Each structure stands twice: as C-alpha cells, then as structure tokens.
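Hi everyone, thanks for coming. Have a look at the screen, and I'll walk you through a few spots I picked out.

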Amino acid sequence: MEIFERIEDRGYPTDYLLSRVRSRRVLYKNFIAGESPVEIWRHLLKEYRWIYIQMNGALRNIFRRFFIYFELRTIFICLRYKKGEYEKIEELLRFSLLSDDIKELLMGDSDIMTAIGGVEGAFLSISDRFGGLKEIFMKDGFRGFEQELTDVYFENTIDSKLHHAIKDFFTYVIDSRNIIAVYKHIRWQMHDYPSFINGGSVKEARLRRIFERQDISGITTLVQKLTGIITDAGNIENSLLKRTTRFLRETARDPLCIGVILDHLWRCHMETIEAELIH
C-alpha cells in the first residue's frame, strides 16, 4: 500500500513554481479567517496539494518527507472521527495527498483496528521501524499510537538522504519536540523520563540532566542559546517556533532556492496554527 496518491508530473520548471509561490504569499491568510479547526486544516491541505501538483518530479522527491509529515495529522484527525463523523472525514480528505487506499481505510466501513493496521502497512513500505503500531494502539490508545508513529517518522526521516534545507528543518522540529517534552514532564511532575527523538542538535544527555535536576531555568537557558530570544517558562514553545521561522526566512533569501517554497509552506502552517488558536 502506498502512502501518497500518484499524481502526474506536469514537468513545470522550478522557476515557474518559485514565481507562483512568491505571488501567493499574501493570499493564504485571507482564506482561513473565521473557519472551524477542521476547515482551517482543510485549507492548508488544499494549498499544499496545489503546490505539490505544480512541482516537477525532482522537487517532489525533495519535499516528499515534508508533505508526509503534515499528512500525519490528517491521518490522526480522521482516525479519531472514524467513530461516525464520516462527512468530516470525507471533506478533510478531499484535498489530501494520501493515496486512495489509505483514504478508503479512513472513510470506509472498516473498524478502527483495520484502519490502524492499514496505516501501519503503508508506513512499513518506508521502513521496518514502523512495525508494531497496532500493538502500541491496543496498549496506549490514540495518544500512544500518534506519538509512536510521529517519533519513528522523525527518526527514519532524519536518517534518510535529504536536501540540506529539509534536513535542517527536521532537526529544528526534533529539537523543539524534545525540549518541550522535558518542560512538560517537569511542569506536570511526571516521574518517567520523556521519550526523546533521535536526530536533533541538542544531545539527549543534556536533556536528561535537565530533567533529572528538574531544572526549568536550564530549559530557558538552552532555548535562549538556541534562539537568541530572552525566554521565560511560558514562552518556550513560541520561541522555538520563531527559531524555525527565522531559519526558513533566511533560506528564502535566495530567490532561486527551494527555501522560497519551504518558507511559504511553513508560513501557511503557522497561519493555520494562529487561526486555530483564535477559533
């Protein structure tokens, strides 16, 4: 079973897409104001699908891992709606890049375990690391399944052959998730160690020391060093997001670089998050 839909390569040159993306930068935010969270995510998928269709085969290979990462949330939303909200699933999947086989599992009459097994099978086509997702779901439910699939996806992706800008993006995201995990474990007085994702720039040993010492100031110091932003405990996640945003804007300074596309995709994602928070 494939993860992504097969879409014809129209052979558009990269320069064509770069010029189209630059002209769309100010348009996306106007489309999502006042929508529900599901509708907001659908608009993001629509924009991502439009860009993916305009890409030639070489660009799709570069960005494939990025697009799959954002489709993970589509899968998670649909699985949670599978208890009976089929209309919402169908509407959400209209612009998804997921393959017809996966869409059928998510929309059809199959039970949740069959759907989970189908998702596991699709990701096993990438790597054997994804084995055991059904067992994780039976043991830890949706939360455990979502965390395991996401963590394994990050680790498998960072070990893959990636364009340097895409690799840097995933490194930043892994750093953010690991740091936030430590912060939440300390804040909520959780005694078990956080689950760390391999592949970030911050060593796991440093994160473990911060957790063992229950050192919130150690987290803020680390975040300030990474981001250059004076940070307090309540602003950790926002500072890390700003770090990623700043990096992507820097990659977009070269008008002929794929950073222009990556920056646009990230901006759309950030505007989606802001719209969901407002809603």
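I'll talk about aromatic rings, then charges over rings, then one aspartate. Keep in mind that this is a predicted model.

Okay, rings. How many aromatic pairs does the structure hold? The count is 24. One of them is Y12 with Y16: their centres are 4.6 Å apart, the planes make an angle of 40 degrees, and that pair is tilted. Y12 has a relative accessibility of 26%, so we call it partly exposed. Y16 comes out at 24%, so it's partly exposed as well.

Now find F66 and F169. Here the centres are 5.2 Å apart and the planes sit at 50 degrees, so this is a tilted pair too. Why does this pair tie together parts of the chain that are 103 residues apart in sequence? Because F66 is in helix 4, residues 57–81, while F169 is in helix 9, residues 164–187. Are these two buried or exposed? Both F66 and F169 are buried. They also belong to one aromatic cluster, whose members include F4, Y48, F154 and W266.

Next, charges over rings. The charged end of R243 sits over the ring of Y172, 3.9 Å from the centre. And R208 lies over the face of Y193, with 4.3 Å to the ring centre.

Last stop: D263, over in helix 13, which covers residues 259–278. What does D263 touch, if we skip its neighbours within four places in sequence? It's in contact with R25, L248, R249 and A252.

Methods. Residues numbered from 1 in each chain as written. Predicted model: local features only at pLDDT ≥ 70, side-chain atom pairs only at ≥ 80, totals over all residues. Heavy atoms only, no water. Helix = DSSP H or I, 4+ residues; strand = E, 2+ residues; numbered from the N terminus. Contact = heavy atoms within 4.5 Å. Phe/Tyr/Trp six-rings, centres within 6.5 Å; stacked < 30°, edge-to-face > 60°. Buried < 20%, exposed > 50% of the residue type's maximum accessible area, 1.4 Å probe, protein only. Lys NZ or Arg CZ within 6 Å of the ring centre and 35° of its normal.
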